[in-house]
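Please examine the sequence and the model shown here. The briefing is meant for a reader who is new to them.

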Protein chains: 2
Amino acid sequence: MAPQSHLIPSRSAKRAQYDKETIYSILDEALFCTISYAAGNKPFSIPTAFVRYENKLYIHGSVGSHFIWELEKGVPVCISVTLIDALVVAKSAFSHSVNYRSVVLFSQGVKMEEDALKFSVLEWLTNKIVPNSWDYLRPMKENEVRKTTVLAFDIDEASAKTRTGMPNDEDEDKPLPIWSGIIPIETTRRDPVPDDLSRNLPLPVHLQPGKA
Amino acid sequence: MAPQSHLIPSRSAKRAQYDKETIYSILDEALFCTISYAAGNKPFSIPTAFVRYENKLYIHGSVGSHFIWELEKGVPVCISVTLIDALVVAKSAFSHSVNYRSVVLFSQGVKMEEDALKFSVLEWLTNKIVPNSWDYLRPMKENEVRKTTVLAFDIDEASAKTRTGMPNDEDEDKPLPIWSGIIPIETTRRDPVPDDLSRNLPLPVHLQPGKA
């Protein structure tokens, strides 16, 4: 793709997808999102972990966090999630592109008041980031839940954009003896490294390579 | 770290760094940023590739991109860059955290008018994403430069936040026989995959594994 649509979703309408299945699959693979809000027409954005459950996206933060205070007011937010799959190397710089899967979501936060629901969200979030870990950990305490704000965002106004495949070089460039193709980008979890407290503890099954 | 400061930089002032060296090193390692702006107090954000040169961050996009049109007006933007280094697995979910390096930058775009400077930015950007590739590619044409808008953002109001190291479990949790440590996250480039036009072309030196 040409630089004009280089990861600029608004440009390439043909790449927009609104089906929930695509949107959910991107949200479920990504661990982190960037949340933006505006104050006095000035934008603020911040990266944070999140989890999707049914048609909501959840984040958590400290009851003392300035950012969380702003979001719990229910101000409009834009949540952006991006997975980079490959660099697309064309014969011209102009036709270079990126294979990616992204979601942009407009919503507003609703503060969860019920401890039981907050508890569930923290369980989903923990198990998303480290699969099957929640039941192994020291159980969460009531006061920890109370020190944590959980915000829910409806996933109603969302779109996904994706690019896959090989470069789209200009016809006149195609005969050129210049290498073109893709460089896959892979994000992987390496083997866990214990801290000093855990050197003599067995690595639990859910953390063993290939399990997460 | 506790969920309260889980990638919520505003919370953990002790993690804020303002030295240019740290900020530049994060910007130079990351290929993509999320740019946010506000219109009518509603935030909009989008991922895009970028390159830093001296004290400016540059992006490019189509002269026909709605997003670029907004940004070239010089509206305030928030640019967010995040590198994830490790998942920090504590003995309690509450003490889980993430090792990360992030930059948040407030600025506004200035449209580059000179073709020569735009040309240089596109060269820097291309060589950042695929090192040493610019001179190998079909040279950029004047009309391609004219179809591309390049925006420059001063890096004056920027801060970096980083977390490194092992979990900080509560003292009372430390004796628990629960594994704690980190799971390093690595983003790597896999071997290049040629398209149909390039199956019989040699892989140029700059694309050979270990070079990029």
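The points below cover strand pairing and nonpolar cores.

This is a predicted model, in which local features need pLDDT of at least 70, side-chain atom pairs count only at pLDDT 80 or more, and totals for chains, interfaces and linings use all residues. Residues are numbered from 1 along each chain as its sequence is written, chains are lettered from A and ligands numbered from 1 in the order in which they are written, and side-chain values use heavy atoms, with hydrogens and water left out.

**Strand pairing**

- Helices (H or I, at least four residues) and strands (E, at least two) are DSSP runs numbered from the N terminus, and two strands pair if DSSP finds at least two bridges between them.
- Strand β10 (residues 181–189) of chain A runs antiparallel to β10 (residues 181–189) of chain B, joined by five bridges; here A:E186 stands opposite B:T188.
- Strand β11 (residues 193–194) of chain A is also antiparallel to β10(B), through two bridges, and A:P194 has B:G181 as its bridge partner.
- Within chain B, β6 (residues 76–89) pairs with β10(B) in the antiparallel sense over four bridges, with B:A86 opposite B:P184.

**Nonpolar cores**

- A nonpolar core is a set of buried Ala, Val, Leu, Ile, Met, Phe, Trp, Tyr and Cys residues joined through side-chain atoms within 4.5 Å; buried means under 20% relative accessible area (1.4 Å probe, protein chains only).
- The largest such core has 29 residues, and A:L87, B:F32, B:Y58, B:I129 and B:M140 have the most contacts inside it.
- At least two residues of this core come from each of β6, β7 (97–111) and β10 of chain A, and from each of α3 (115–129) and β8 (148–154) of chain B.
- The most is given by α3(B), with four residues.
- Another core, of 28 residues, lies apart from it and includes A:V51, A:L137, A:V145 and B:F94.

Conventions: Buried < 20%, exposed > 50% of the residue type's maximum accessible area, 1.4 Å probe, protein only.
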